[in-house]
Amino acid sequence: MVDFPPRRKPSRKGSMVDVPKDLLEQIKELERLFTVDQAKLKEVTNHFVKELEKGLSVEGGSIPMNPTWVMGYPDGHETGTFLALDMGGTNLRVCEIVLPEEKGEFEIIQSKYRMPEELKTGGSEELWGYIADCLQQFIEYHHEVEDLEQMDKKLPLGFTFSFPATQDFIDHGILQRWTKGFDIADVEGKDVVPLFEAALEKRKLPIKLGALINDTTGTLIASHYTDETMQIGCIFGTGCNAAYMENCGSVPKIAHHNLPPDMPIAINCEYGAFDNEHAVLPRTPFDVIIDEDSPRPGQQSFEKMIAGLYLGELFRLVLIDLHDNKCKMFEGQDISKLRKAYSLDASFLSFIEEDPFENLSETGELFSKELGIKAHKPELELCRRLAELIGTRAARLSACGVAAICKKKEIKACHVGADGSVFNKYPHFKARGAQALREILDWPAEKRDPIDIRAAEDGSGVGAALIAALTIKRVKAGNLAGIRNTEGMI
């Protein structure tokens, strides 16, 4: 996850009065490269709509548009006690969520467990065993039972497994590839659910897996539970993604299931892969370098232009180019620290954008402390403008994905639930994205934002529990589409 510093007071405006001509020319060129105007936003959005539709087709496209087998929203009257398991790159989070009689309310208790580094490259059995041990410790502590086998019934669990996986059922998931530093042999290409359930069974834990979910789908469901106007869930953090509710009749690739055409199904877009063909996104030479030097060139093209993981690297590449090729940036300075790939993250840009002082003294201290570079005031002004350009472009392009879903679904007004470190902590990201939406969708100046992106509910915790509750509700109603194993659910 991108680690941002605490938010500070509003930033100063900045001045270019004392910036020499050669640097001013470079700033103008950077503005040309990184500015995305209204016409381009609309072009990107229109292409995005076509690609979303292509992803739902039998043939498919760059955007996976994965059916999640979450068939509809909660109605706010779900009740009961549910577990949620959130497996991330650093921590394992276990939650117990109680859904009371009051509509849209919930109570949560949770514990975090550090994911030991050695487990990430160890054996499969050790990984699932550790996860099961954490669940056992959580239940024993919060339920105060000496013999778990004596519990009245199994606790239903929603498992947020935020790794690329394909799902033919909601209680099934074939791992496509490990990410986040994990590299455990003999798991890729396999269904992770039986591996997890075997570890539960070995310890005789009273747990029934009700749903395996992605955090973005959880964000959609959790946000709608507390605000019924939420129709899209988004993540803007280290990566980017969105989920929304589609009609089964509009998803040709699941037509063979013969589901009612008006039945809702949540789609996990995985739209970081938008425009892998490089047909429409306004890539700069620096975006090309990031892609070519990445572990998977030609993939996740959209994500590489807007996600937190890449914003600092874009900034670094531009500064290196200015020093080496364009002007006398940081002349006579040792920039060896700056030459290290991915040495800057999005929080570096965030700090620069929030510098409240006219002389950019905090930015100067940041360069000195982190990079050993003593930057002059005009150089700091360029860095400030570059951070603004990169941050603004990310926010404006991110709005294209939201606008495309709204156009495809003909949504005229709704709330969008967003989560992730960039959305929550990067300065001005929300306002810049909102302005871009206004430009794409041609809202009149006097009209309040009909589509409003706001902070989401806890998708990987509350969302996972709600989806487990929805799955059980469907089993009771006899709606078994996309559910493989109903035993023990009711």
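**Close-up 1. Aromatic pairs in the predicted model.** In this predicted model, a search of the whole structure turns up 20 aromatic pairs. One of them joins Phe 161 and Trp 178: the ring centres are 6.3 Å apart and the planes meet at 70 degrees, so we call this pair edge-to-face. The two partners come from distant parts of the chain, 17 residues apart, with Phe 161 in strand β5 and Trp 178 in the loop between β7 (174-175) and α5 (192-202).

**Close-up 2. The surroundings of the pair.** Are Phe 161 and Trp 178 buried or exposed? Phe 161 has a relative accessible area of 3%, so Phe 161 is buried. Trp 178 is buried too, with a value of 7%.

**Close-up 3. Ser 162 in its loop.** Look for Ser 162 in the loop between β5 (155-161) and β6 (165-166). Its relative accessible area is 12%, under the 20% cut-off, so Ser 162 counts as buried. Which residues does Ser 162 contact, leaving aside neighbours within four places in sequence? They are Met 87, Lys 180 and Asp 215.

**Close-up 4. Gly 88 in another view.** Gly 88 sits in the loop between β2 (80-87) and β3 (91-99). With 17% relative accessibility, Gly 88 is buried.

Methods:
Residues numbered from 1 in each chain as written. Predicted model: local features only at pLDDT ≥ 70, side-chain atom pairs only at ≥ 80, totals over all residues. Heavy atoms only, no water. Helix = DSSP H or I, 4+ residues; strand = E, 2+ residues; numbered from the N terminus. Buried < 20%, exposed > 50% of the residue type's maximum accessible area, 1.4 Å probe, protein only. Contact = heavy atoms within 4.5 Å. Phe/Tyr/Trp six-rings, centres within 6.5 Å; stacked < 30°, edge-to-face > 60°.
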